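Notebook open, model loaded. I want to go through a few spots in chain B and jot down what turns up.

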Amino acid sequence: MRVEVDQPKCVASGQCVLIAPEVFDQDDDGFVELLTDRPEPGQYDGVKESAVVCPAAAIRLAED
Amino acid sequence: MTETLADTAAGPLEHPMPRAAGCPFDPPPALMALQTDSPISRVRIWDGTSPWLITRHDHLRTLLGDPRVSADPTRPGYPHRTAGMKASDQARQTFLTMDDPEHARLRRMVTAPFAVKKVEALRPSVQKIVDDLIDGMLAGPKPVDLVEAFALPVPSLVICELLGVPYEDHDLFQRNTKVVVRRTSTSEEVLAAQRELADYLDDLLTVKRARPADDLLSVLATERVATGEMTQRHAAETGVLLLAAGHETTANMIALGTLALLRNPDQLALLRDAEDPKTVAGAVEELLRYLNITHSGRRRVALEDIEVGGEVIRAGDGIIFANDIANRDPEAFPEPDRLDISRDARRHVAFGYGVHQCLGQPLARLELQVVYSTLYSRIPTLALATGFDQVEFKHDGIVYGVYELPVTW
């Protein structure tokens, strides 16, 4: 799985950071930052859930 | 207009509508029934217009994420909540009532203090605020009104600290905030209350500009107003928005949540005995889903014709997003009418959805986690000091809750 974030779309709801803190972080202004675009299989569920709850649809998932 | 079950001979259903007697936690049954019978249908609101009511969780998320749906209340067709809100929405504009790109530009100026890690850093001071208020309750007479003694001061003290507003002035902003969120307030009353709040914050911004401190108003004064990115009046009105939003919502979640837990002692016991912070965090999400204090819904207007769920919403049609009903959608939440703090409720839409989703949600989560994990363990015998049928609910409020919650222990 590959993760992409669209930072200009991010509205800083912070839910991805709460759900998958090993994959997502926020910059000083609260906008999403990707810690890794290649999560471990054990992190897939959290990444998928982050993409579902993201209110701005700023997280995209791609298959390898 | 498409004929639906809801707009046959009797005409569209009224919105809002009273809840069923004895079921103050559940949305009105007739509006709930729309979710099954006619999930996208017209309702009649106070000014005689008939905006669409969106009741299904999936429709709500699709449309609130659609840029063809506008949050601008100055557009014709926008379904205003009340006459007072109509006047105030048209008199002043904050990012809440703007569309992108202007919305994003202005919202981005105030997101920094709401980042998860910055909010998390406030946990010790929120814990202290909560502990001190509980100490005060325990030292004072009983019964006591939980709203006055605890539910309102917690978010009020926290948002004041974050914005840099002296709490000594809380009478001024609590009084005016009440007027703004009361459904029965006239346009004149709402405008006057908002003007008083904005004047107050305008003066405070002048003070902060001369003597900045470590708070959001100082940042706005020195980094946004001083640079000309924002006018001082706009910064003051943004401050009004944050101050008001920080007060009414969390305060009502604390008091109404407490009442719901007292009515569901098994759930209260689960929460009280929880040792894992994840259990508490999950309980907060479930109470947000179940209680839906933002019961007047999200308001929008269509910019273009939009096809959804077999209906066509026309350009210029008003749309109300019933997040309270969507959060009881069995497709999204099995057995939705049951309060179950162990369920995964994270997909709830109590904070809205789309680019306007609540800016303060990390702060709200933190406050509610600290409150729910502290109040019932420190006062395990907490009980309602009046009959359940004596409790008065804010049916007339833009934000739902209780006016008073007499408790004892």
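Before I list who meets whom, a reminder to myself: contact means heavy atoms within 4.5 Å. Also, this is a predicted model.

**Entry: two helices**

I started with helix 10 (residues 187-210) and helix 11 (residues 216-225) of chain B, which pack at an angle of about 75° with their axes 8 Å apart. Angles of 65 to 115 degrees count as roughly perpendicular, so helix 10 of chain B is roughly perpendicular to helix 11 of chain B. I then looked up the residues in the contact. From helix 10 of chain B come L201(B), L204(B), L205(B), K208(B) and R209(B), and they meet L217(B), S218(B), L220(B), A221(B), T222(B) and V225(B) in helix 11 of chain B. I sorted the residues of this contact by type and got seven nonpolar, two polar and two charged.

**Entry: an arginine in helix 14**

Next I checked R289(B), which sits in helix 14 (residues 277-291) of chain B. Is R289(B) buried or exposed? With a relative accessible area of 0%, R289(B) is buried. I then followed its side chain. The side chain of R289(B) makes a polar contact with the side chain of E286(B) at 2.8 Å, and it also reaches the backbone oxygen of R338(B) at 3.2 Å. Leaving out residues up to four places away in sequence, I find R289(B) touching N327(B), R328(B), F333(B), P336(B), R338(B), R343(B), A345(B) and H348(B).

**Entry: strand 6**

I moved on to strand 6 (residues 298-302) of chain B. Five of its five residues are buried, so the strand is largely enclosed by the rest of the structure. R298(B), R300(B) and A302(B) point one way, while R299(B) and V301(B) point the other.

Which strands pair with strand 6 of chain B? Strand 4 (residues 69-70) of chain B pairs with it in the antiparallel sense over two bridges, with S70(B) partnering V301(B). Strand 9 (residues 318-321) of chain B is also antiparallel to strand 6, over four bridges, and there R298(B) has F321(B) as its bridge partner.

**Entry: a three-stranded sheet**

Last, I traced an open sheet of three strands in chain B, in the order 5-11-10, with antiparallel pairing. Its edge strands are strand 5 (144-145) and strand 10 (383-384), each pairing on one side only. Strand 10 of chain B is joined to strand 11 (residues 406-408) of chain B by two bridges, and I noted L384(B) opposite V407(B).

Definitions and conventions: Residues numbered from 1 in each chain as written. Chains lettered and ligands numbered in written order. Predicted model: local features only at pLDDT ≥ 70, side-chain atom pairs only at ≥ 80, totals over all residues. Heavy atoms only, no water. Pairing = 2+ DSSP bridges. Buried < 20%, exposed > 50% of the residue type's maximum accessible area, 1.4 Å probe, protein only. Polar contact = N/O pair within 3.5 Å; in protein donor to acceptor, adjacent residues only side chain to side chain. Axes fitted to C-alpha atoms, helices over the stretch in contact; angles between N-to-C directions. Parallel < 35°, antiparallel > 145°, perpendicular 65-115°, else oblique. Nonpolar A, V, L, I, M, F, W, Y, C, P; charged D, E, K, R; others polar.
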